[in-house]
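Trainee: Please take a close look at the pockets of this model for me. Where does the lining come from, and what kinds of residues are in it?

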Amino acid sequence: MPLLKANDNAMRDVLSRAKVIAVVGHSDKPERTSYQIAQFLRRAGYTVYPVNPTVKEIDGQPSYSSLKGIPEQVDIVNVFRRSEYLSEIVDEAIAINAKTVWAQLGVSNQQAAQKALSAGLNVVMDACLKIEYLRLGIGEIDSAS
């Protein structure tokens, strides 16, 4: 499985095929980037599951304390936690058979990336899912919304 950041075709394929995205570190505060990106992903047609053990629900949707609680197969684990937490998040992603670990801008950990790659997951580090979605022209969503 590839490190996708350098491969537009592979990144486009992952984003086009994905249906379910777990947002780890999803805030319940509308001014936070994780909240805004999750809202964008919902408008783009993805099923989005918030993962944040400190929040019970976000906009009426349950927030899960870990990836293991999500009731369906996760295609992309989108990470909004600091880099030092990536290794344990990758362990959880492997345990639930997620297909891709996507660490947002400023978030990367080469050991965690290698662990995910060795387990057969796709990996994106230090890249915004929304920016890449729009750059690659995946959907028909209005970028201003």
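Mentor: Helix α3 supplies three residues to the lining of the largest pocket, the largest share. This is a predicted model. The elements that give two or more residues to this lining are α2, residues 33–43, and α3, residues 86–95. The volume of the largest pocket is about 430 Å³. It is lined by 23 residues, and those closest to its centre are Val24, Gly25, Asn52, Phe80 and Arg81. By kind, the lining of the largest pocket holds eight nonpolar, nine polar and six charged residues.

The lining of the second largest pocket consists of Ala10, Asp13, Val14, Arg17, Ala18, Asp75, Lys99, Thr100 and Asn122. Three of these lining residues are nonpolar, two are polar and four are charged.

Most residues other than glycine have a negative phi. Asn97 is not a glycine, yet its phi is positive, about 60°. Asn97 sits in the loop between α3 and β6, the latter being residues 100–103. Its relative accessibility is 56%, so Asn97 counts as exposed. Asp126, also not a glycine, has a positive phi of about 55°. The loop that holds Asp126 runs between β7 (122–124) and α5 (129–135). With a relative accessible area of 31%, Asp126 is partly exposed.

Conventions
Residues are numbered from 1 along each chain as its sequence is written. This is a predicted model: local features need pLDDT of at least 70, side-chain atom pairs count only at pLDDT 80 or more; totals for chains, interfaces and linings use all residues. Side-chain values use heavy atoms; hydrogens and water are left out. On a 1 Å grid over the protein atoms alone, a cavity is a set of points where a 1.4 Å probe fits but cannot get out, and a pocket is an open set with protein on both sides within 12 Å along at least five of seven lines; lining residues have an atom within 4 Å of a point. Grid points are joined across faces, edges and corners, and a volume is the space filled by probe spheres set on the points. Helices (H or I, at least four residues) and strands (E, at least two) are DSSP runs, numbered from the N terminus. Ala, Val, Leu, Ile, Met, Phe, Trp, Tyr, Cys and Pro count as nonpolar, Asp, Glu, Lys and Arg as charged, and the others, Gly among them, as polar. Buried means under 20% relative accessible area, exposed over 50%, partly exposed in between (1.4 Å probe, protein chains only).
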